[in-house]
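Colleague: Could you walk me through reading helix packing and a chain interface?

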Amino acid sequence: MIKIQNLHKSYGNTAILKGIDVEVKDGEVLAIIGPSGSGKSTLLRCLNFLEKAEKGIIEIDGAKVNVEQYTKADVVQLRSKTGMVFQNYNLFKNKNALHNVSEPLRLTKKMPKKQAEQVAYDLLAEVGLKGKELNYPVALSGGQQQRVGIARALALNPYVVLFDEPTSSLDPELVEEVLNVMKDVMKQGRTMIVVTHEMEFAKEVADRVIFMADGYIVEQGTPEELFTNPQNERTKRFLKNYLTLHN
Amino acid sequence: MNFDIGYMFDIFPRILQYLPIVLYMGTLSFVLAVIVGLIFAVIINAKVPVLYQLLRVIISYFRGVPTLIQIFIFYFGLPQLFPSLSSIQAITAVIIALSIKNAAYLSEVFRSAFLAVDKSQFEACEAVNMTKWQGLRTVILPQVFRVAIPATGNYYIMMIKETSLAFTIGVVDMLARAKLESAVTYKFLEAYLAVGLIYWAITVVLAFLQSKLEKYMERPYLKEATKS
């Protein structure tokens, strides 16, 4: 399981996370929603130390790190438990789709080249990219790039996949194909934390939804509870704005 | 007209005998300059305290002092301070001077090329748990080189030409040979024009190879590219 206790993060004098406590069970799909600047992406990025939090304890699948006194080995261990899918895909621009997936395996898991490429071929087929293995990122659409990004994250077989607004940079007609791949990942029972603006997706797929604002977790519950019967004023306002915008 | 074209062609082979030494000095200094320049660039971009400030001064010095003077300082000047250097070979002095001077220039090229690589590429390497060195080697440096190659190639061509300064401290290179030839025959124009044409030809060949390399490095970034 994942257990985050009292996580704090600030940039200079601006506090972004003001004491976050979250628990995620094995195989649970957690969606994090909230307005821009609420700290939801920062929270995700603190989990694999792309951002260094100042205070708090992060525990992922047995790897427990106090962020005030961590070692290099702690960071490596947390990163081995997590896979990340970025908003802007962040594929290695100098590598084709196949090598985007196989190189990390080869380098960080010391898997032989042939075997790593076989894993990559299989995963790319799974995300619907058979025949695109040799394309470089520039020759792939946004949706295709993001699916490579998901395959790359899955290849390392992490305990949890962190999705950082995976569809926010996509053209509307490409969102669907990425969401479908994410649903497949969910069906495999992998633990997922998804920062998203896709309320429909959160509603349909998440086991639990967290609403964040101003560096706090304001409210959480099942999608049913949160979307149909929000308790907090801030949540109500956010959902109302969202619905007015999208109807 | 007082121009002996036949003589000029006659001495080509004799001058070309010294092409290897020119290529040796130019290429070795270039390789050293690239390595040192990369190290400089990494230190400057990481703003390593003390080293960073020190490098700024060193780079400013080597960019500011004319190459010929640097060669003289290395060859004639330094043995005064360090007697063990008095046996330094002229070629070694030239190679050291050229590589440090051009490392100073190249460090600026590499520094800006590093900055041109998107921050997201570094993050992607970190997220998949690559070590710093693995990320640099497989993802970052290839992208740095792609940006840096046009300017770096120009420095290589410049360095090949700069080796002709070696003649001033007694290295027998193509220019020295041409001077010897002309001293005997007084056919200065033919002799120096011959060396000039050879340098020009080298430059044309290198520029051609450079454009090939640029095209090769550009492959992953072209829409139609799908080869591995």
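**Helix packing, then the interface**

Modeller: Two packed helices are described by the angle and the distance between their axes. Here, the axes of helix α1 (residues 5–16) of chain B and helix α8 (residues 174–185) of chain B come within 10 Å and cross at roughly 140°. Helices are DSSP runs of H or I, at least four residues, numbered from the N terminus; axes are lines fitted to C-alpha atoms over the stretch in contact, with angles from 0 to 180 degrees between N-to-C directions. This is a predicted model, where local features need pLDDT of at least 70, side-chain atom pairs need 80 or more, and totals for chains, interfaces and linings use all residues. Residues are numbered from 1 along each chain as written, chains are lettered from A and ligands numbered from 1 in written order, and side-chain values use heavy atoms, without hydrogens and water.

Colleague: Which residues of α1(B) and α8(B) meet?

Modeller: From α1(B), B:Y7, B:I11, B:R14 and B:I15 meet residues of α8(B) including B:M174, B:R177 and B:E181; contact means heavy atoms within 4.5 Å.

Colleague: And how do I judge an interface?

Modeller: Interface size is often given as the accessible area lost when the parts come together. Between chain B and chain A about 2,400 Å² is buried (1.4 Å probe, summed over both), with carbon and sulfur atoms giving 56%. On the chain B side, B:A127, B:V128 and B:N129 lose the most area, together 22% of what that side buries. Chain B contributes 27 residues to the contact and chain A 29.

Colleague: How many salt bridges cross the interface of chain B and chain A?

Modeller: The rule finds two, taking a Lys or Arg side-chain nitrogen within 4 Å of an Asp or Glu carboxyl oxygen. B:E123 and A:R45 form a salt bridge through their side chains, at 2.4 Å, N to O.

Methods: Helix = DSSP H or I, 4+ residues; strand = E, 2+ residues; numbered from the N terminus. Buried area = accessible area lost by both parts, 1.4 Å probe.
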